[in-house]
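Work through the exercises below with the sequence and the 3D structure at hand. Each task is followed by a solution in steps.

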Amino acid sequence: MRDSAGRNRLAGAAAAFTSNARNPDLRRAQLSFLGAWTAEWAFTVALGIVAYRDGGATAVGLVGLLRMAPSALIAPLLSPLADRGRRERVLIVVSTVRGVATAGAAVVAALAGPPVVIYVLAVLSTIAATLFRPAHSALLPSLCHTGHELASANVVRGFLDSAATLVGPLLAAVLLGLTDVAVVFAMAAASSLWAAGLLLRLSYDAPPRPSAAARPRLVREAAEGVRAVLRNADLALILGLAAAQSFTRGALTVLSVVVPLELLGTGDAGVGTLMAAVGVGAVLGSLAASLLVGTRRLGAWFAVGVALWGLPLALVGVFPEEWPALFLVAFVGVGNALIDVAGFTLLGRLAPDEVLARVFGVLESLVAVFIGIGAVAASWVVAISGPRSALVGIGLVCPVLAMLAWRRLRLLDGTVGEHDHDVELLQRVAMLRTLPLPSVEQLARGLEPLDVPAGHVVFSQGDLGDRYYVIEVGEVQVVGDGAVVATLGPGEGFGEIALLRRTPRTATVVAATDARLWALLSDRFLPVVLGFTPSAREAAVGVSVMLDRFAPEDPPAEPPPTSS
């Protein structure tokens, strides 16, 4: 049994990668992410070297705060743009801006220009970078049709994120050993522009969203994202732990420079080597995390990932030797891989699609704020008590918070499991099967349970239609003008004709057995089904088939208004 379960997990992990490779839109989106984040990590290493040469550990911390503070303010204000229309357009603009800004930094560094100009360009690049992940995270669900497929996409993206964590610093280390920071900046610029180019040919059916003209102003839209987080305790918890992880990540931007240069004595190339060790752990962790595609314990693994972001750093403070340090920080990469898979999948499942990019914008704002705070805090602690104390003190933050949140995250796993059941039921209905995952999630949130005993009428011919029904258990009979027209069972739906045609009920539906139904009000059902072309087409076909079986003798002369 255990061997069989192990083989199933391995097969699921392999399927996660092959499904993304076969889907051209997912493939382009994922490779674009790889290019963008390779650029980010290489850029961070080069910028850290420039800042350290300019003013030591304090300068590294201040530059980290300088990069993140504007991003923290601007990211949530601009993230609503990704909830308007097609999200890949935002990604193209963002990657292009990053590429141009980073190329500018390369020119300044090559000409030995003032570091302050590089810092200004770094701020511009970072502002753009903070918009990339919210838009990309909100795009992925639109390219998926099931929760399993979304988890697979996040596994693959987590692996590519880990690969970027390895490749970016490793390339930087090699280039720093052979040339200088200007070449590293140039390589990062080319990677960003490649990320933009990959998205130019993206083609998919976007879920229906309100037009830009019908939306309020950006500030008000951004506030909707904040309110969505505040109204949902589970979202707030995940974002709170992500903020703690970002605090540690900000500290690492300082410690990754200070520790090799002051504690381990490995020189400039050692900065890239230490961060590359994080990347090695992230790659290995991503391969292991691919086994979690079908797991129902994403909350628990998210807590483990948060804990692993801090505990290895504390242990480096206890064992400040080069090889133990490289081994230990690799587990930070493992934690990063777990957070990518579990955290982003949970956010994508819990947040409504219409504000999804804004929720991810809130996340990026928190990430930017706490990276900056972490960088300043680390440089302050290093200045006061040295790098070893900073490693131990800061390293304990995430493990303690993960332990405190453990019980709540385990309860969240149960909630998501129940929601998965509702989504799977809706996706058994032919008309709804074509919908992208965010649209099905939206329908699932509006389901109302209805238990109907055998022989009882669900609705009668001529009634006003205000709900659509899906059968979970039992059977119902469709009766038109006294004759049984059809018998429907689990995984089938009924009631759409009156809603789509805006007519009274064309038949009576009676429970043939005790039945468990789920109902959707018309104002939840119609915008989703009619707003997405494939589902609208499938609905029209289904209505035609039903009306071919039976048409009422006396159709109404004028359609009554739809009731909500």
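Axes are lines fitted to C-alpha atoms, for helices over the stretch in contact, and angles run from 0 to 180 degrees between N-to-C directions. Helices (H or I, at least four residues) and strands (E, at least two) are DSSP runs, numbered from the N terminus. The model is predicted: local features need pLDDT of at least 70, side-chain atom pairs count only at pLDDT 80 or more, and totals for chains, interfaces and linings use all residues. Residues are numbered from 1 along each chain as its sequence is written, and side-chain values use heavy atoms, with hydrogens and water left out.

**Exercise 1.** Describe how helix 11 and helix 14 pack.

Step 1. Helix 11 (residues 311–318) packs on helix 14 (residues 387–395) at about 150°, and the axes are 7 Å apart.
Step 2. Helix 11 is therefore roughly antiparallel to helix 14 (angles over 145 degrees count as such).
Step 3. In contact (heavy atoms within 4.5 Å) are L311, L313, A314, V316, G317 and V318 of helix 11 with R388, L391, V392 and G395 of helix 14.

**Exercise 2.** Find which strands stand at the edges of the open sheet.

Step 1. The sheet has four strands in the order 1-8-3-6, with antiparallel pairing (two strands pair if DSSP finds at least two bridges between them).
Step 2. Strand 1 (448–452) and strand 6 (493–494) each have a single partner strand, so one side of each lacks a neighbour in the sheet.
Step 3. Strand 1 pairs with strand 8 (residues 515–521) over five bridges; E448 has A519 as its bridge partner.

**Exercise 3.** Locate the turn residue with a positive phi in the hairpin of strand 4 and strand 5.

Step 1. Strand 4 (residues 476–480) and strand 5 (residues 483–488) pair in the antiparallel sense.
Step 2. Two residues lie between these strands, and D481 in the turn has a positive phi of about 50°.

Technical notes. Parallel < 35°, antiparallel > 145°, perpendicular 65-115°, else oblique.
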